[in-house]
Amino acid sequence: MSQENRISGGQIDRSKTWRFTFDGVSYQGHPGDTLASALLANGVRLMGRSFKYHRPRGPLSAGSEEPNALVQLRSGARQEPNTRATVAELFDGLEATSQNAWPSLKFDAMAINDRLNTFFTAGFYYKTFMWPASFWEKVYEPIIRRAAGLGALTRQEDPDDYDKGFLHCDLLVIGAGPAGLSAALTAGRAGARVILADEDFRMGGRLNAETLEVGGQPGADWALGAVAELSAMPNVRLMTRTTVIGAFDHGIYGAVERVSDHLAVPAKGKPRQTLWRIYSRRAILAGGATERPIAFENNDRPGVMLAGALRAYANRWGVAVGDRVAVFTNNDDGLRSAMDLKARGVDVVAVIDARKDGDLLPGVRHLKGAEVVDTAGRLGLKSVTIRQADGRTETVAATALGVSGGWNPNVNISSHHRSRPVWDEGIQGFVPGEDGPPGLTAAGAAAGVLSTHGALAGGQAQAVAALADLGIAAKAGDLPRAEDAPVSIVPKWYVSGGKGRAWIDPQNDVTLKDVKLAQKENFSSVEHLKRYTTLGMATDQGKTGNVLGLAVMAGLTGKTIPETGTTIYRPPYTPVAMGTLAGRSRGKEFKPFRLTPSHKWAEEQGAVFVEVGMWLRAQWLPRPGETHWRQSVDREVLATRKSVGICDVTTLGKIDIQGTDAAAFLDKVYANNFASLAVGKCRYGLMLREDGIVYDDGTTARMGENEYVMTTTTANAVLVFRNLEYARQVLWPEMDVQLISTTEAWAQFSVAGPNARKLLQKVVDQDISDAAFPYMGAGNITVGGVRARLFRISFSGELAYEIAVPTRYGDALVRRLMEAGQEFDAIVYGTEALGVMRVEKGHVAGNELNGQSTALNMGLGKMVSKKKDSIGMVLSQREGMVDPNGYRLVGVKPVDPKGQLTAGSHFLEHGAAPVIENDGGWLTSKVYSPHLGCDIALGYLKAGDQKIGKRMRAVNLLAKTETEVEIVSPHFFDSEGERLRG
Amino acid sequence: MIINHPILGPRDSQEFVYLGSAELMNRPDGMTTGVEAFHNWLYNRDNPAGEHRELWYHEQGDRSWLVVTRNTVTHEIRSVELARDVAKAMGRTK
């Protein structure tokens, strides 16, 4: 039979019928249903299995606090585990499956854990799997991982988009129940910019789940009217399906809007969810309250629910969860649930009231001073065993049991800045403390005011007060008439005397016994209790169980509840998908590539690219017939050294430095001297950190009296610029010096090789003969009339220039150079050939500039001038850093030219065991030198400068290689530098 | 967090880079200060639970270095100044 438990009424659209499936079985529901309400309407109570014992479970709640009814939604790449059926909106064709059960939800093999429950008590990890230690990773953990866990990931890429957005408002109202609607109306009418956010797809909060009247009409209708009025206000933004997940600093709130979760597939161009950052000047927490259960034996069976949830399913969704319903309560609100159900024609078989005093409900069996001691029904509730005031027990057949232990104000958001909530004896619950997030106040049930009138009045009053703070006058108008019943409750946390298990945190299977055991073993502080038992650590974060657990602990330790206190509340309020936090920043969009000006040209040549920092650079450019990368790289190196090669070096950082103190400034930031640099010349500069370690290097050119162009390494371009600004503004604030980063402004190419000048002379407009443009010269020139910069510097060791043109001319320049270079067989080389040539010349790069090495280590100790104060100068003289036997940069060659070197190998004396005590240093960079016809490398070797000519072993235990090597000068090629002066 | 930039007004802290204590501004003169004193300046700083003067850099903005006086417990920001102004007031010159 279809929808056998559907009764009349509710806010569902019965004119439309939707089909959906759960574990492959087809059911019907209506627009306005949640997956849970639709399943319950179809008589399905069993929706999941618990985490540890694999106990059969149905929904406990009708909202976001749900610990039990976790399911997987959809299939394929859109499959989403651990979705709460109680808040999953139904749509036509929805596919849901159960999780944490095998082979089926009704027969779950892992339910054996339930029989073994005596082994799985609090702290069982610590007790059971302690030893032997080697068993943990290999034996215990795989077993536990297989047994535990909830839903499974698809391991497919999520096909949907997730967005991020920013909003600003005067007043953020969190929650659109009576308090929130009242606050938003008050502020909206006053003209304030208001955002009203609610996690539900329908605004109204509890008004939608109640039969109470507001202003002489049903509460849900009043809410519709309020929403209609707010919708018409241009200064108010209404956000349904939007959960405020946390209060951050200075009025910033995070919110997740489920834009398309209620659709099978997001509409074209729409995100699945949006993460909002809301900047509010003031905020009101009107997040309502969450009902809590009472712990008694077998209180976790499908059909045992919060009483307010039973009432919500009946009133809002037209669903009677069971044909025979009992209610167990310690407060008047539980009685309201019983009477609402009765009014809807549901058979209320007993109202078990923990309170001894007070009036009896008319027309139902109302048992005073009674309690529920047990339940029966393996896959769903069948009966309830009651102990009456006189001690007599009786078993009553029931298919649903509503439990109400009172209502906990949802204080989470108000406690996100570590504010501890305060115990309110009158409602037996925690209310927001005084020192919550600045600018946030609470209203309505969230503030511990549980009546409808109190919510409407509180929302209005808090809105008036918040706006008054901002200088906006808001009127406290007449409030619609609403119930104002006082709270009547007696503390009742658990039913004592039982031998079985009574659940406190149903998702993580934390029972009364576990709390008792924790107390006995002295894990009695709430923070210890949480970690020892895992109370409140599940996906629901203990929204229903935490206060119950700590109240039990308070009773066991003889302390009061406020003395016992709560654990710390942290964002997010409800679980947030990782994709939502990532937004668009995923895959290649997480770190987009920057392309060099010659990228398109290089692509046309079939270049192989490599990621270098944020850039994509050509690694080598294969020619037809080349099948191995080494063939391409060797050719590029040989061609460059024989004639001419071109390389795009745009990625190096470029900083223009100007001002009358620019020279003095460079003397501060570089370890070597710059004041003496002549106009029209370049110099290699070495930059240290204040701790004396080498930070960066590059060449800097003096383009005019007060005008310099600095280059940095690709990796440090941003950081060096930051440090220069720091030096300029903070350390030497009176210096007349200005900076601008021009890394993106100039396309820069290295032109290197014996024919470099001949080639360039064909392209540039000025005379660049050795006399006109000597070694280390720099100047402004033109290329076909386009302004350009030319630097005669060399990284390759060849006669070389770097030529820069405005970036938009970069593509044209590489094409022009290649065309003009045809007669010289010019080639373009990539980063691999660049690396080979710099190792051949003994230049340091990233592997040597490793953040641990000094100038002395690099053989550049003399560059650090002690005649001037520069960053890092003083501390580079520290004892440990000037050790004459410390690491020195050396060159390394295999003794046998066929011998292979492995980067990362360690230097050992002959006969020395490969242990740390014998370690002489390590090999930093290795290349194959086509000129020398063998592997060559650079390395750091202890007292390396004294070991030139020595034979050692280069041992790599990871790569399992060992090669006999000769320690040589790091300058393998043209050590006199004749070629670059040619 | 929101940092009230003295020139640009309230800006989200995402736009900034954090460095550390504003004590770092007291860099001694390298020509007259020994290794020991320099070491103390670089490495030994207080890490208070409470009010803390610290350096922030508006990297995604106007490149100003700022001195932000922030309570490290509550994140309340009491004042924001241009570091250059603070440095000059401290007597730092060229």
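Helix axes here are lines fitted to C-alpha atoms, for helices over the stretch in contact, and angles run from 0 to 180 degrees between N-to-C directions. Hello everyone, and keep that in mind for the helix pairs later on.

A word on the source: this is a predicted model, where local features need pLDDT of at least 70, side-chain atom pairs count only at pLDDT 80 or more, and totals for chains, interfaces and linings use all residues. Residues are numbered from 1 along each chain as its sequence is written, while chains are lettered from A and ligands numbered from 1 in the order in which they are written.

Let me start with confidence. The predictor assigns the complex an ipTM of 0.99 and a pTM of 0.92.

Staying with chain B, we find 2 helices and 6 strands. Helices (H or I, at least four residues) and strands (E, at least two) are DSSP runs, numbered from the N terminus. The pattern of chain B along the sequence is β-β-β-α-β-β-β-α, and its C-alpha trace spans about 40 × 30 × 20 Å along the principal axes.

How do the chains meet? Taking contact as C-beta atoms, placed from the backbone, within 7 Å, 25 residues of chain B touch 22 residues of chain A. On the chain B side, helix 1 (35–43) and helix 2 (83–89) each supply at least two residues. That side of chain B holds 12 nonpolar, 5 polar and 8 charged residues. For these classes, Ala, Val, Leu, Ile, Met, Phe, Trp, Tyr, Cys and Pro count as nonpolar, Asp, Glu, Lys and Arg as charged, and the others, Gly among them, as polar.

Now the helix pair I promised, in chain A. Helix 16 (residues 629–642) and helix 21 (residues 831–841) of chain A pack at about 60 degrees, their axes 9 Å apart. That angle makes helix 16 of chain A oblique to helix 21 of chain A; the scheme is under 35 degrees for roughly parallel, over 145 for roughly antiparallel, 65 to 115 for roughly perpendicular, and oblique for the rest. The crossing of these two chain A helices is right-handed, meaning the near helix is turned clockwise from the far one by less than a right angle, with anticlockwise being left-handed. A:Val633, A:Glu636, A:Val637 and A:Thr640 of helix 16 meet A:Glu832, A:Ala833, A:Val836 and A:Met837 of helix 21. By class, that contact has 5 nonpolar, 1 polar and 2 charged residues.

A second pair is helix 10 (residues 512–520) and helix 12 (residues 546–557) of chain A, packed at about 45 degrees with axes 10 Å apart. Helix 10 of chain A is therefore oblique to helix 12 of chain A, and their crossing is right-handed.

Finally, some strands, which pair if DSSP finds at least two bridges between them. Chain A has an open sheet of 3 strands in the order 21-22-23, with antiparallel pairing. Strand 21 (371–376) and strand 23 (393–397) of chain A are at the edges with a single partner strand each, so one side of each lacks a neighbour in the sheet. Strand 21 and strand 22 (residues 383–387) of chain A are joined by 5 bridges, and A:Glu371 stands opposite A:Arg387 in strand 22.

In their hairpin, with 4 residues between the strands, A:Gly933 takes a positive phi near 70 degrees.

Note on methods:
Two residues are in contact if their C-beta atoms, placed from the backbone, lie within 7 Å.
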